[in-house]
Structure formats: C-alpha cells, structure tokens
Amino acid sequence: MWQVIRSAVVLLLFFMNVSSPDKAIRPNIVLILTDDQDATLGGAEPLEQGKKLLVDEGAEFTNAYATTPICCPSRASILTGRYLHNTEVRNNSVEGGCNDQKWREGMEGKTFATHLKNAGYRTMYAGKYLNQYGKRKEGGVEHVPEGWDWWAGLVGNSRYYNYTLSNNGKAEVHHDNYTTDYLTDVIRRKSIQFLSHYATTKTDENPFLMVLAPPAC
C-alpha cells in the first residue's frame, strides 16, 4: 500500500480551494483511513514503513482529538465534517444510526465526496465504510453512496478474509487465499487500477479524490 501512495499528500479534508475557478491549483487528494491507531495503546507502532513515509517525510498531528471515539459515529463525522448530534449516528448499530435509512437519505448525500464530485473531482473509495454498510435490510451491496465514481465498499465490519465487497453495486466475494483475498492487498490493487485508468483519461479540469480504508491493523 505504501509504495502506491509514497508521493501522495494525505489530508483530513477541510478544503478551502476545491471550488476555486483557478482549477490548475486544485490538488489530487488521497485520504488513508485506518482503525486502531490509538497513541496510548501504541496502535501505530508496528507500522514502521508507514511512519517513515507519512510522518518522517510528511507531517504528524501531535494534538489531534476525536470528538466521538466510536467507529461509526467517528466515520460519519469524518465524511461530513459534522458532530455526532448533527449526523445522528450515535453508535455502531443500525438502531444507533449507523447506515440507517435516515443516514442514507440525508447526511450521506452531504459528504466531502459529493462536494468534491460536484467541483469536478473523480472519486474513488475502497475498504471499510460504515460498520452496518451493505446489510440486506440497509440497502444491500446494490447501494452505492452518493458521490463515488469508483466504489469498493466492505460489507459490514473489519475483516481481512472471508468478506464481501460492493464493487460498484455488485457483490464481490472473497475467501481466505492470501494471494487473492487479503483485503489490504485487494485495496492496493484497486487503487492501482483507479490510478492507471485516471492516468489515461485525466484532464487538467479533473483532479482525483481517493480514499483507502483498510480495516483494523
């Protein structure tokens, strides 16, 4: 994964200039969203290569805090820039607002992806989305959240093997073969496919947004 994004700028997306009429200054954006990188528990300590590329050669936010350190509410806040009391995603259950109908018909249409796509970006998401995403009663794999041109969303919560992706609205089933199914590598391959396609079709007016979301490390 790190080789693919070595030269990318990783941003948390409070973007001030994406709608600028001077489109030449608009950056490509890569957001890597991982779980369980808690500083107190040392969650990031095994990721020596990631530290080298993203911290030593980039930037480290030493005073960063999550307003709601629960998975689905935090992801909803990242996607929308809104606090829990505005997203109404309160916990990791459907009853708590995680990928429920109200989310899908409301806040999901107001994420940074929709704003960037409206501004001319090409958008791609691969990996874990919301904990209850893809469940049959909650839209199933056919539901592709608004704003994403390329979509490979993980059904349900964190898994590395024996999982299903929604590949642009169609079920892509994976088993337990390391070579073909290990999710982090699957995400890497999909990111390369997206970038390869983008490289052959890009225009100066269409930068890209790519979100890569491997599950808990």
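The model is predicted. Six strands make up an open sheet with mixed pairing, and helix α7 packs on that sheet. Elsewhere, helix α2 is mostly covered, and several aromatic residues are linked into a cluster through ring pairs.

- Reading across the open sheet, the strand order is β1-β6-β2-β3-β4-β5.
- The edges belong to β1 (29-32) and β5 (170-174); each has a single partner strand, so one side of each has no neighbour in the sheet.
- From one strand to the next, the twist averages 15 degrees.
- Strands β4 (residues 163-167) and β5 run antiparallel and are joined by five bridges. One place to look is Leu165, whose bridge partner in β5 is Glu172.
- Helix α7 (residues 183-201) touches β2, β3 (150-154), β4, β5 and β6. The direction of α7 makes about 170 degrees with that of β6.

**Helix α2**

- Helix α2 covers residues 71-80, and seven of its 10 residues are buried.
- Those buried residues are Cys72, Pro73, Arg75, Ala76, Ser77, Leu79 and Thr80.
- Just after α2 comes Gly81, with a positive phi of about 75 degrees.

**Gln132 in its loop**

- Gln132 sits in the loop between β2 and β3.
- Its relative accessibility is 16%, so Gln132 counts as buried.
- The side chain of Gln132 reaches the backbone oxygen of Asn92 at 2.9 Å, and makes a polar contact with the side chain of Lys135 at 3.1 Å.
- Leaving aside neighbours within four places in sequence, Gln132 is in contact with Asn92, Ser93, Val94, Cys98, Asn99 and Glu138.

**Aromatic rings**

- The model has a count of 15 aromatic pairs.
- One of the pairs is Tyr133 with Trp151, arranged edge-to-face at 5.5 Å centre to centre, with 75 degrees between the planes.
- Tyr133 is in the loop between β2 and β3 while Trp151 is in strand β3, so this pair ties together parts that are 18 residues apart in sequence.
- Tyr133 counts as buried at 0% relative accessibility, and Trp151 is buried with a relative accessible area of 2%.
- Trp151 also pairs with Trp148; this pair is tilted, at 6.2 Å centre to centre and 40 degrees between the planes. Trp148 is buried as well.
- Ring pairs link Phe112, Tyr125, Tyr129, Tyr133, Trp148 and Trp151 into a cluster.

How values were computed: Residues are numbered from 1 along each chain as its sequence is written. This is a predicted model: local features need pLDDT of at least 70, side-chain atom pairs count only at pLDDT 80 or more; totals for chains, interfaces and linings use all residues. Side-chain values use heavy atoms; hydrogens and water are left out. Buried means under 20% relative accessible area, exposed over 50%, partly exposed in between (1.4 Å probe, protein chains only). Helices (H or I, at least four residues) and strands (E, at least two) are DSSP runs, numbered from the N terminus. Two strands pair if DSSP finds at least two bridges between them. Axes are lines fitted to C-alpha atoms, for helices over the stretch in contact, and angles run from 0 to 180 degrees between N-to-C directions. Contact means heavy atoms within 4.5 Å. A polar contact is a pair of N or O atoms within 3.5 Å; within protein, one must be able to donate a hydrogen and the other to accept it, and residues adjacent in sequence count only if both atoms are side-chain atoms. Rings of Phe, Tyr and Trp (its six-membered ring) pair if their centres lie within 6.5 Å; planes under 30 degrees apart count as stacked, over 60 as edge-to-face and the rest as tilted.
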